[in-house]
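Hi,

Here is the structure for you to look through. My notes follow below it.

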Amino acid sequence: MRVSTPHPDSLSKIPMSAKVYINGKFFAPNEAMVSVFDHGLLYGDGVFEGLRIYNGKIFRLEQHIRRLYDSAKAICLKIPLTSAEMTQACLETLKQSEFTDGYIRLVITRGAGTLGLGPERTHDPQVIIIVDKIKLYPQEFYDNGLAIITAATIRNHPAALSPRIKSLNYLNNIMAKIEASNAGCLEALMLNHKGEVSECTADNIFIVRDGNLLTPPTDAGILEGVTRDVVLELAREAGIPTFEKTLTRHDIYVADECFMTGTAAEVIGVVKVDDREIGDGKPGPITRKLKTLFVEHTTS
């Protein structure tokens, strides 16, 4: 399996400075490979993190590394590097790539095994670090906001698989993403098993109501987003009242503002949900303020 799987015609679009680290060695993207018997490919058996590079520095690296190791521990996956060694591997891969701004995908798989499920038959967990460019949404949507839908696909039940585990099995999110694409949208809101707002397919969600910033709590079935935490910190420092609160679709529909956060998405406004216009149909003042504060924070 190729770690990076672009169509052959698109290989020329990948920057020559993009690098892939696999178990201590560096490869060009079109030369990076792992076994087709790897459980990451066969069963989505592994964990990952997405990190941003700003001005030659990896943003919130410590928090991402900690979440990676928490996810691995939760699925009984022993990472063959210490957290300090993993940190150094990320920094060295960035140095090899020569990027000053970009994205890092850090992947740990269970390793190659048999065609059976048994993880005890796997060996050599794969440590993969990909450094490349990313642009999740076109600039026009950052300027004008996104229209999204509520997916019929609900988030995985937390008693089945904790959403706090950032695993390689993203089929739940992908199915909701397909619904969004079929509706002509780039993103979808997902509800939990109780019908409450959880998160979007790849981003956390926030609303503003009467000057208060609201976002679902962790027990709503969300990933504890690093960018989510940063935005909450910035809001509190700016004197914006913040609350982690159970939300319903009604709360989203009647919100004054709505926006999403994520490592790849950063901060992006949502101006329509299920054909209901949010506020005045434009990214609101608190959304714009937090977006500006986030940019200043990442570039300072």
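This is a predicted model: local features need pLDDT of at least 70, side-chain atom pairs count only at pLDDT 80 or more; totals for chains, interfaces and linings use all residues.

Which residues of α2 are buried? They are L61, H64, I65, R67, L68, S71 and A72. Viewed down the axis of α2, these buried residues fall within an arc of 165 degrees, so they line one face of the helix. E62, R66 and K73 sit on the other side of α2 and are exposed.

The helix itself has 14 residues. From first C-alpha to last, α2 reaches 20 Å, close to the 20 Å expected at 1.5 Å a residue. C76 follows α2 and has a positive phi, near 60 degrees.

Now the cores. The largest nonpolar core has 26 residues. V47, M86, L106 and I108 have the most contacts inside it. Five elements each supply at least two residues of this core: β3 (46-54), α2 (61-74), α3 (83-97), β5 (102-109) and β6 (126-132).

L106 is worth a look. What does L106 touch, leaving aside residues up to four places away in sequence? Its partners are V47, F48, E49, L51, I65, L68, M86, C90, I128 and I129. Two of those, I65 and L68, are also among the buried residues of α2.

There is a second, separate core of 22 residues. V197, C200, V270 and I278 are among its members.

Best wishes

Definitions and conventions:
Residues are numbered from 1 along each chain as its sequence is written. Side-chain values use heavy atoms; hydrogens and water are left out. A nonpolar core is a set of buried Ala, Val, Leu, Ile, Met, Phe, Trp, Tyr and Cys residues joined through side-chain atoms within 4.5 Å. Buried means under 20% relative accessible area, exposed over 50%, partly exposed in between (1.4 Å probe, protein chains only). Helices (H or I, at least four residues) and strands (E, at least two) are DSSP runs, numbered from the N terminus. Contact means heavy atoms within 4.5 Å. The expected span of a helix is 1.5 Å times one less than its number of residues. The arc is that of the directions from the helix axis to the C-beta atoms.
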